[in-house]
Amino acid sequence: LGAEAVQRSRTEDELRRSEEKFRALVETMSDWIWEMDVNARYTYVSPRAAAITGYGLKALLGRRPWEFMPPNEADRFKTEFYRLCRAREPFSLFENVNMRKDGSLVVMETSGTPVFGIDGEFAGYIGVHRNVTKRKKAEDDLKRSNERLENAQRIAKMGSWEWDIETDELHWSDEIYRMFGVSPEDFGATYEAFLSFVHPEDRMSVHRSVTEALTLRKPYSIEHRILLADGTSRVVHEQGEVRFN
């Protein structure tokens, strides 16, 4: 009995030290680590949760995640989360919008994995919330910027292009496709495919201008004709500059 008691004490000490290391690691992370029971109530939240939500940790414990979301978002999250719970499935990078205590919104990516007891019974989930608000704002700003650029090009009837010389991948903006009367599905998106649109009498001068730009590392500005699929021709002004890695 004495040996068993000593062994049990050692096991408990090792378990306690392991939990202390885990908690110390969790509490230094910038992500919010959480545990939920079978009713989707928080049973543990790491200290980072307070900084992300503006609520104290005690205010979060025992609450469900959708209680801190706008109504429509709460319904969407709850429906999907219960579906996952019924299937006992892990999930990854589930994007959701939360409302901080001050009313401001924060966008998070949530990942989780189901937890099972020794008897194999479902016990809840453990996972992580990651604050991606700044990244989402940058993505939205970039999307709006691209939309403004596309609208400006459409109004001005100007297009932009980029050609990766090493891979021979050519990217056209939407307005160039309209200008050339072709869809992205019908265009090979290579330099040779572009030259096939150039009027045969202008093809050599266009190729010469591009070659000189690559060789002399200087910009070029030319006018040339293109032939559309219906046989009509257009005169376009083209300019470009070479960039190096």
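The second largest pocket of this predicted model has a volume of about 190 Å³. Ten names make up the record of its lining: Asn146, Leu149, Glu150, Gln153, Ser160, Trp161, Glu162, His171, Ser173 and Asp174 line this pocket. Helix α5 gives the largest share, four residues. Both α5 and β6 supply at least two residues each. By class, the lining of the second largest pocket divides into two nonpolar, five polar and three charged residues.The largest pocket has a volume of about 1100 Å³. Its lining comprises 32 residues. Those nearest the centre of the largest pocket are Trp161, Glu162, Gln239, Gly240 and Glu241. Several elements give two or more residues to this lining: β6 (161-164), β7 (169-172), α6 (174-180), α7 (191-197), α8, β8 and β9 (233-240). Strand β9 provides the largest share, five residues. The lining of the largest pocket holds 19 nonpolar, six polar and seven charged residues.

The nonpolar cores come next. In soluble globular proteins, nonpolar side chains tend to be buried together. The largest nonpolar core of this model has 23 residues. Within this core, Trp32, Trp34, Trp66, Phe81, Phe91 and Tyr125 touch the most other members. At least two core residues come from each of β1 (32-36), β2 (42-45), α2 (48-53), α4 (71-87), β3, β4 (105-116) and β5 (122-131). Helix α4 supplies the largest share of this core, five residues. Phe91 shows how such a residue is surrounded. Leaving out residues up to four places away in sequence, Phe91 touches Trp34, Phe81, Leu84, Thr110, Ser111, Gly112 and Tyr125. Another core lies apart from the largest one and has 22 residues. Among its members are Trp172, Tyr177, Phe180 and Ala213.

Ile52 was examined on its own. This residue lies in helix α2. The relative accessible area of Ile52 is 3%, so Ile52 counts as buried; the cut-off for buried is under 20%. Again leaving out residues up to four places away in sequence, Ile52 touches Ser30, Trp32, Arg100, Val106, Met108 and Asn131. One of these contacts, Trp32, is also among the residues that touch the most other members of the largest nonpolar core.

Charged pairs were then searched for. Side chains of opposite charge can pair when their charged atoms come close. The whole structure holds 16 salt bridges. One of them joins Glu95 to Lys136, with the closest N and O atoms 3.4 Å apart. This pair links distant parts of the chain, 41 residues apart. Glu95 sits in strand β3 (residues 91-99), and Lys136 sits in helix α5 (residues 133-156). Glu95 has 31% relative accessibility and therefore counts as partly exposed. Lys136 has 18% relative accessibility and therefore counts as buried.

Arg135 and Glu139 are four residues apart in α5, about one turn of the helix. Arg135 is partly exposed, at 37% relative accessibility. Glu139 is partly exposed too, with a relative accessible area of 36%.

The side chains of Glu201 and Arg225 form a further salt bridge, at 3.1 Å from N to O. This pair also links distant parts of the chain. Glu201 belongs to helix α8 (residues 200-216), while Arg225 belongs to strand β8 (residues 220-227). The two are 24 residues apart. Glu201 is exposed, with a relative accessible area of 62%. Arg225 is partly exposed, with a relative accessible area of 26%. Some salt bridges share partners. Through such shared partners, Glu95, Glu109, Arg135, Lys136 and Glu139 are joined into one network.

Technical notes: Residues numbered from 1 in each chain as written. Predicted model: local features only at pLDDT ≥ 70, side-chain atom pairs only at ≥ 80, totals over all residues. Heavy atoms only, no water. Salt bridge = Lys/Arg side-chain N within 4 Å of Asp/Glu carboxyl O. Buried < 20%, exposed > 50% of the residue type's maximum accessible area, 1.4 Å probe, protein only. 1 Å grid on protein atoms, 1.4 Å probe; cavity = no way out; pocket = protein on both sides within 12 Å on 5 of 7 lines; lining within 4 Å. Points joined across faces, edges and corners; volume = space filled by probe spheres on them. Nonpolar A, V, L, I, M, F, W, Y, C, P; charged D, E, K, R; others polar. Core = buried A, V, L, I, M, F, W, Y, C linked by side-chain atoms within 4.5 Å. Contact = heavy atoms within 4.5 Å.
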